Amino acid sequence: MPWPIGEDRGGGKRVAQSADRNKAPILEVLRRVLPASGLVLEIASGTGQHVTWFARALPALEWQPSDMDPELRRSVECWLHDEGLPNVRAPIALDVHDHPWPVAHADAIVCINMIHVAPWETTPALFEGARRIGASLVFLYGPFRRFGGHTSPSNEQFDASLKANDPTWGVRDLEAVEQVAAANGFELSEVVPMPANNFSVVFRASASTRR
Ligand SMILES: C[S@@+](CC[C@H](N)C(=O)[O-])C[C@H]1O[C@@H](n2cnc3c(N)ncnc32)[C@H](O)[C@@H]1O
């Protein structure tokens with residue numbers, strides 16, 4: 001794990017305080033923008049706190065958690081074991097760069113706090129994968145630069161700490177993400193300001209690319 005994600009609470013079950021803080025506000029956006037039914041693929045599930053929280057609140061949706069990191073997939077398995085939710089599949093290994101993805105189709109993709117904790121190339125890989133599996137919605141959450149600058153001093157400090165850890169990481173320009181999304185047939189639909197200077201960003205497949 002190149003960046004510590006939560007604390008191990010025993011048996012591999014990890015808990016991240018950030019996920020506990022942001023899961024409820026994120027759910028309120030998801031509740032509004034996700035389709036009423038269908039399969040939601042979560043990219044970079046991390047500890048598994050998010051997917052279990054969302055799946056419990058939105059039982060008409062089926063959820064597919066994933067992560068490239070085996071320690072995190074183990075944590076997701078622990079959360080699923082403890083929560084016993086019928087609408088969540090077992091976590092799968094998914095690195096966005098490895099096309100084709102091990103999921104033939106998903107109706108929506110949820111990706112929280114990933115694209116700034118990874119090289120820029122993961123963003124085009126994410127949208128390419130979303131296009132290939134015919135997703136009609138991509139939901140991103142995290143800090144973003146907007147209109148050429150940081151949206152807060154704390155995000156600027158966070159960006160510096162990310163780059164100190166790995167120079168290929170960093171808070172992304174929303175306009176650059178929007179261009180990559182458009183190149184893959186996704187239009188920016190909504191930007192929702194969230195607590196702690198984060199944003200929920202919703203992209204929808206444009207009419208010409210919709211399955
Ligand atoms: C900061 S954590 C966020 C985890 C979780 N979504 C959350 O908000 O608590 C970053 C995540 O991105 C994942 N990640 C990094 N590069 C990736 C890639 N190329 N493909 C898929 N996941 C990746 C990591 O394994 C990790 O789960």
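How far from a nitrogen atom of the ligand does a polar side-chain atom of Asp95 lie? The separation is 3.0 Å. Please keep in mind while reading that this is a predicted model.

**Around the ligand**

Asp67 uses its side chain, where an N or O atom is 2.5 Å from an oxygen atom of the ligand. Here are these contacts side by side.

| Residue | Part of the residue | Ligand atom | Distance |
|---|---|---|---|
| Asp67 | side chain | oxygen | 2.5 Å |
| Asp95 | side chain | nitrogen | 3.0 Å |

How much of the ligand does the protein cover? Taken alone, the ligand exposes 600 Å², and the protein buries 91% of that. The shell around the ligand holds 19 residues, of which Ala44, Asp67, Met68, Val96 and Ile112 come nearest. Sorted by class, this shell has 10 nonpolar, six polar and three charged residues.

**Backbone features to look at**

Ala44 sits in the loop that joins strand 3 (38–43) to helix 2 (49–57). Asn197 also has a phi near 60°, again a positive value in a residue that is not glycine. The loop holding Asn197 runs between strand 11 (186–194) and strand 12 (198–205), and Asn197 is partly exposed, with a relative accessible area of 34%.

Which form does the peptide bond from His99 to Pro100 take, cis or trans? It is cis, with omega near -5°. Pro100 belongs to the loop between strand 6 (92–93) and strand 7 (108–112). As background for these cases, most residues other than glycine have a negative phi, and most peptide bonds are trans.

**Helix 5 and its two sides**

Helix 5 covers residues 153–165, 13 residues in total. From its first C-alpha to its last it reaches 19 Å, close to the 18 Å expected at 1.5 Å a residue. Its buried residues are Asn155, Asp159 and Leu162. Looking down the axis of helix 5, these buried residues fall within an arc of 65°, so they line one face of the helix. On the other side of helix 5 you will find Pro153, Gln157 and Ala164, which are exposed.

**Buried residues elsewhere**

Next, some buried residues in other elements. Gln64, in strand 4 (residues 61–64), has a relative accessible area of 5%, under the 20% cut-off, and therefore counts as buried. The side chain of Gln64 has a polar atom 2.8 Å from the backbone oxygen of Ala90.

Cys78 is part of helix 3 (residues 70–83) and is buried, with a relative accessible area of 9%. Cys78 and Gly10 are 68 residues apart in sequence, while their C-alpha atoms are 9.6 Å apart in space.

Finally, Val180 lies in helix 6 (residues 174–183). With a relative accessible area of 14%, Val180 is buried. Between Val180 and Thr123 there is a sequence separation of 57 residues and a C-alpha to C-alpha distance of 7.5 Å.

Key: Residues numbered from 1 in each chain as written. Predicted model: local features only at pLDDT ≥ 70, side-chain atom pairs only at ≥ 80, totals over all residues. Heavy atoms only, no water. Near = heavy atom within 4 Å. Polar contact = N/O pair within 3.5 Å; in protein donor to acceptor, adjacent residues only side chain to side chain. Areas by Shrake-Rupley, 256 points an atom, 1.4 Å probe, with all protein chains shown as cover. Nonpolar A, V, L, I, M, F, W, Y, C, P; charged D, E, K, R; others polar. Helix = DSSP H or I, 4+ residues; strand = E, 2+ residues; numbered from the N terminus. Expected span 1.5 Å × (residues − 1). Buried < 20%, exposed > 50% of the residue type's maximum accessible area, 1.4 Å probe, protein only. Arc of directions from axis to C-beta.
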